[in-house]
Amino acid sequence: MASESEVRKYIAYWFQLGKKVLVRNGSEVLLPKSVIAGDRYSQEFEDCWQKIISPDSGDCYLQGTNETIAQLLTPAWDISPCARCAMPVVFQKTGMPPEFCPCNDLPNWPDTELPQPRSPVSTKSQLSGIRDRLKRSSGE
């Protein structure tokens, strides 16, 4: 089952490539200008996420997909990297894999020259981890 944090990350990655979320069957479109703010998701992304998971928003879809975000939060769905572009894609645990990745309509994607979408990173914890590994490898 895809957890809420995995679905949130899935949406965040696709937002970073310019994919929109269609709310109320497309009557409203969400695409935050910024997704990451330092070591966390931006407030703009968080506001979009709250709107996406709100029952008042009706059916919400990632642009280019057929599954609602609410469906993805059920045990029938999982998220794995796309074999073509390594971006997260959803698939049903039982049945056929998706026909295509949401990247299929992105021109020039995958583009290895561009930075890949990412999750927020805590610089302090990353640097602490590097320091600890260096201490261990030097025998201290």
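This tour visits a pocket and then a group of aromatic rings in a predicted model.

**First stop: the second largest pocket**

Begin by selecting Glu-6, Lys-9, Tyr-10, Tyr-13, Ile-79, Pro-81, Cys-85, Ala-86, Met-87, Pro-88, Gln-116 and Pro-117, which line the second largest pocket. Two elements each give two or more residues to this lining: helix H1 (4-16) and strand S6 (77-81). By residue class, the lining divides into nine nonpolar, one polar and two charged residues. The space in this pocket is about 170 Å³.

**Second stop: the aromatic rings**

A pair of aromatic rings is described by the distance of the centres and the angle of the planes. In this model the count comes to two aromatic pairs. Select Phe-15 and Phe-45 and show their side chains. The ring centres of Phe-15 and Phe-45 are 6.0 Å apart and their planes stand at 85°, so the pair is edge-to-face. Phe-15 belongs to helix H1 and Phe-45 to helix H2 (residues 43-53), so this pair ties together parts that are 30 residues apart in sequence.

**Last stop: buried or exposed?**

Are Phe-15 and Phe-45 buried or exposed? Both Phe-15 and Phe-45 are buried, and the relative accessible area of Phe-45 is 0%. Tyr-41 has 13% relative accessibility and therefore also counts as buried, because the cut-off is under 20%.

Conventions
Residues numbered from 1 in each chain as written. Predicted model: local features only at pLDDT ≥ 70, side-chain atom pairs only at ≥ 80, totals over all residues. Heavy atoms only, no water. 1 Å grid on protein atoms, 1.4 Å probe; cavity = no way out; pocket = protein on both sides within 12 Å on 5 of 7 lines; lining within 4 Å. Points joined across faces, edges and corners; volume = space filled by probe spheres on them. Helix = DSSP H or I, 4+ residues; strand = E, 2+ residues; numbered from the N terminus. Nonpolar A, V, L, I, M, F, W, Y, C, P; charged D, E, K, R; others polar. Phe/Tyr/Trp six-rings, centres within 6.5 Å; stacked < 30°, edge-to-face > 60°. Buried < 20%, exposed > 50% of the residue type's maximum accessible area, 1.4 Å probe, protein only.
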